[in-house]
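Subject: Structure for you to look at

Hello,

Here is the structure I said I would pass on.

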Amino acid sequence: MNIPPEQEDKADVSDVAEERPPGSAGAVSNIEAVRSVMLHEARAIERASQSLDDSIEATLALLIGCGGRIIFTGMGKMGCIARKASATFSSTGSPSVFLHPGEAVHGDLGAVTGDDVLVALSNSGETAEVLALLPYMHRFSVPVIAITGNPSSSLAARSTTAIDICSHEEAGPHSLAPTSSTTVALAVCDALAVCLMQQKGLTPEQFAIFHPGGSLGKKLLLTVRDLMHVDDEVPVVRSDQSLQDAIFEISQKRLGAALVLDANGAMSGILTDGDLRRAFQGSDNPLSQAVGDAMTTNPVRVLADDLAATALRLMEEKSITVLPVLETAESNRAAGIIHLHDLLRAGIA
């Protein structure tokens with residue numbers, strides 16, 4: 001059931017702005033005009049959300065049961081929304097493609113199989129190019145999901161299920177350019193994608209598989225093991241060595257700290273630049289002082305298989321720049337060391 005627009009929607013700010021030339025008394029500012037359009041579209045989404053019915057359950061059942069791909073189609077501005085929706089579904093674990101309705105009837109229908117589901121977007125529900133696809137879909141038993149502002153349209157009547165996005169006045173003068181209708185259609189497609197992702201139980205790690213590039217993929221895929229320093233790159237000292245020996249090791253490896261290991265390779269602690277400064281402030285002969293007397297004995301640490309983003313979060317929380325890395329939580333054996341600069345260079349921040 002369509003919910004009639006609120007009375008204030010009928011008096012769009014942009015209409016008022018037309019009657020008040022810029023510079024005249026009481027002219028609407030650009031900020032007010034932009035805010036009016038945004039609020040107009042927000043109210044359209046709210047009205048459409050309140051009109052949702054059992055078609056949502058039927059739609060999600062078709063999408064979840066799809067054994068092939070979810071194919072989106074639409075013409076003009078709705079075609080742009082369909083392209084974006086297809087990209088969103090693919091990125092959230094549901095294989096999807098966009099099918100241009102004009103090209104489809106000239107051969108591209110060969111990409112559609114009986115295992116697929118078609119999602120057709122048309123505000124009027126009478127878009128000729130979209131309706132031309134339906135006989136093929138019916139012939140090969142391809143379910144059709146209509147997303148339309150006209151539940152009495154030909155598209156809605158000839159689809160397996162139809163989501164009513166309600167008929168809205170478009171934002172702006174004379175309700176000409178598709179604005180509110182495309183915004184609502186996009187919001188519905190986003191909501192369906194998120195619901196489908198939740199029902200499939202998509203994990204952050206699975207999500208990252210579809211986003212290997214950029215900072216998002218790095219945050220979700222890179223582990224500490226991928227970035228940590230190992231073997232000869234790791235500054236290592238024993239607790240019975242002098243601070244003078246430790247300073248030489250730290251300066252040579254240039255990581256601002258040294259791991260303190262026992263004879264079996266287990267970690268006794270860490271010696272940082274901060275530990276050294278405190279040792280020099282409290283001793284008359286600091287260079288001869290034993291590492292064990294100055295080190296931090298229970299340092300914050302990470303595991304080699306932790307996400308690199310986890311290491312960054314710990315550094316930010318504790319205001320530190322270096323972390324010892326353990327192979328396992330039980331062994332207390334050092335696997336390496338990781339520095340804040342390693343994370344920054346990898347684009348984790």
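Setting aside residues up to four places away in sequence, Tyr136 touches Leu109 and Val112. Please keep in mind that this is a predicted model. Tyr136 and Val112 are 24 residues apart in sequence, and their C-alpha atoms are 9.5 Å apart in space. Tyr136 is part of helix 8, residues 134-139. Its relative accessibility is 21%, so Tyr136 counts as partly exposed, since buried means under 20%.

In soluble globular proteins, nonpolar side chains tend to be buried together. The largest nonpolar core here has 30 residues, and Leu63, Phe72, Leu121 and Ile147 touch the most other members. Several elements supply at least two residues each, among them helix 3 (30-50), strand 1 (70-74) and helix 5 (77-91). Helix 10 gives the most, with seven residues. As for Phe72, its contacts beyond four places in sequence include Ala82, Phe89, Val97, Leu121 and Cys189. Another core, of 17 residues, lies apart from this one, and its members include Leu227, Met228, Ala304 and Leu343.

Three strands form an open sheet in the order 6-7-8, with mixed pairing. Strand 6 (236-237) and strand 8 (267-272) each have a single partner strand, so they stand at the edges and one side of each is left without a neighbour in the sheet. Strand 7 (residues 257-261) and strand 8 run antiparallel and are joined by five bridges. One of the bridge pairs is Ala257 with Thr272 in strand 8.

Regards

Methods. Residues numbered from 1 in each chain as written. Predicted model: local features only at pLDDT ≥ 70, side-chain atom pairs only at ≥ 80, totals over all residues. Heavy atoms only, no water. Helix = DSSP H or I, 4+ residues; strand = E, 2+ residues; numbered from the N terminus. Buried < 20%, exposed > 50% of the residue type's maximum accessible area, 1.4 Å probe, protein only. Contact = heavy atoms within 4.5 Å. Core = buried A, V, L, I, M, F, W, Y, C linked by side-chain atoms within 4.5 Å. Pairing = 2+ DSSP bridges.
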